[in-house]
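With the structure open in your viewer, please follow the stops below in order, making each selection before reading what is there.

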Amino acid sequence: MRHILEVKNVTKKYGDFTAVDNVNFTVDDGGFFSILGGSGCGKTTLLRMISGFEQQTEGEIIIRGESMTGIPPELRPVNIVFQNLALFPMMNVEKNVAFGLQRQKLAKDKVHQRVADMLDRVGLQGFEKKNVTDLSGGQRQRVAIARSLVLKPSILLLDEPLGALDRKLREHMKVELKLLQKEIGTTFIYITHDQSEALVMSDNIAVMNKGKFEQIDTPRNLYKYPKTSFVAGFVGESNEFNIRHYTDNILTTENGWRLSKPTLDIQPKKLFIRPEAFILNPSEDLEDIERVDIKVKTILFDGSNTKISAIIKQSNDEVLISLPQNAQFENLQEGDEIEAGIHHDDLKCYP
Ligand code: ATP
């Protein structure tokens, strides 16, 4: 079966307040699907409805072709990994992972075998007798995932499981989680407010805002072709401008930067330009680009990346520009005046 999960017209109301507003999506079997959105947008509520801890006010949730309406959490083929992991601190790794199987009254030797297999798959062989409090954050993470996966759920729901880790470990764990998911093949539904986690790990991402899905797409498409101004502003870095008017194919920003933008069939209110869309010193023969004079204000070098903040001379708008790894710009200095170009396709406009 291609779709392991179908969420159809699902709404959740608390009194007059709509926390999840008519959400529709499907998740492919074996996929890594993320729900990305800011605090309070309804992510956790949606996850709790899939797991059965919360009932939807309207709509239907279908897992493996079966409606989950009226089915309690313990009988749904899903499991959750929480942000705080909720491991049993007084137990060792093996006992933590075995807990759910023992509750199912599985024979002792079967429990032992399945726990051993699972620990092997998450790279924790040799850690069986260690107390979970003696493990690193990343190892505890893997115990929590093993404890859920050993019950063979059709879908693993992950509620910001990297949120409590420090930045460096988070960077490492997001790659590890993706590899683990691909190897194990269980469908993951991952909720996060961190766009870089969602972009790195997911096959598909739903961007959620005020209870609604704004766009469901691959990470690459979300970044390159955001369908709404919310997505353009939320996913990746962007320079954002309010548009004062658009007439005769000319956009005028609030501060008076005039740019040509051929044939828009909407009345644009917002303009977004990615930092990497600016081309410094564009060659004379480049076509379909908007040219603009800028002045370098600050050079921001962080080791692997160079960005500059620059002033658009025409309007005094400040923009962030990401420079390609290219020796040509190594001598760029604060205060330099230079021409920049932007392809018309990279001027993203929204109503
Ligand atoms: P966060 O990332 O901060 O956890 P979230 O996207 O997971 O946010 P939810 O926890 O799903 O957001 O909450 C969505 C909205 O629903 C919030 O405005 C919240 O206050 C409201 N809400 C959640 N649970 C209840 C409840 N039991 N009663 C009333 N309102 C609730």
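Select strand S2 (17–28) and helix H1 (43–51) together with the ligand, since in this predicted model each of these two elements supplies at least two residues of the shell around the ligand. Which element gives the most to that shell? It is H1, with three residues.

Now widen the selection to the whole shell, in which the ligand is surrounded by Tyr 14, Phe 17, Ala 19, Gly 38, Ser 39, Gly 40, Cys 41, Gly 42, Lys 43, Thr 44, Thr 45 and Glu 160. If you colour these residues by class, you will find four nonpolar, six polar and two charged residues in the shell.

Keep the ligand in view and turn to its oxygen atoms, where individual distances can be displayed. A polar atom in the side chain of Ser 39 lies 2.7 Å from a ligand oxygen, and a polar backbone atom of Gly 42 is 3.0 Å from an oxygen atom of the ligand. At Thr 45, an N or O atom of the side chain is 2.5 Å from an oxygen atom of the ligand. Taken on its own, the ligand has 640 Å² of accessible area, and the protein covers 56% of this.

The next stops concern charged pairs. Side chains of opposite charge can pair when their charged atoms come close.

Begin by selecting Asp 29 and Arg 64, whose side chains meet in a salt bridge with an N to O distance of 3.6 Å. Asp 29 sits in the loop between S2 and strand S3 (32–37), whereas Arg 64 sits in the loop between strand S4 (58–63) and strand S5 (66–67), so the pair ties together parts that are 35 residues apart in sequence. Asp 29 is partly exposed at 36% relative accessibility, and Arg 64 is partly exposed at 41%.

Move on to Glu 197 and Arg 170, which form a salt bridge at 4.0 Å, N to O. Because Glu 197 lies in helix H6 (residues 195–201) and Arg 170 in helix H5 (residues 167–184), this pair ties together parts that are 27 residues apart in sequence. Is Glu 197 buried or exposed? With a relative accessibility of 4%, Glu 197 counts as buried, while Arg 170, at 21%, counts as partly exposed.

Then select Glu 339 and Arg 291, a salt bridge in which the closest N and O atoms are 3.4 Å apart. Here the parts tied together are 48 residues apart in sequence, because Glu 339 belongs to strand S19 (residues 337–343) and Arg 291 to strand S16 (residues 289–301). Glu 339 is partly exposed with a relative accessible area of 25%, and Arg 291 is partly exposed at 28% relative accessibility.

Finally, switch to a surface display and select Val 175, Leu 179 and Val 200, which form a nonpolar patch on the surface with about 250 Å² of accessible area together. Leu 179 has its place in helix H5, and its relative accessible area of 57% is over the 50% cut-off, so Leu 179 counts as exposed.

How values were computed. Residues numbered from 1 in each chain as written. Predicted model: local features only at pLDDT ≥ 70, side-chain atom pairs only at ≥ 80, totals over all residues. Heavy atoms only, no water. Near = heavy atom within 4 Å. Polar contact = N/O pair within 3.5 Å; in protein donor to acceptor, adjacent residues only side chain to side chain. Areas by Shrake-Rupley, 256 points an atom, 1.4 Å probe, with all protein chains shown as cover. Helix = DSSP H or I, 4+ residues; strand = E, 2+ residues; numbered from the N terminus. Nonpolar A, V, L, I, M, F, W, Y, C, P; charged D, E, K, R; others polar. Buried < 20%, exposed > 50% of the residue type's maximum accessible area, 1.4 Å probe, protein only. Patch = residues over 30% accessible without salt bridge, like charges linked within 9 Å, V, L, I, M, F, W, Y side chains within 5 Å.
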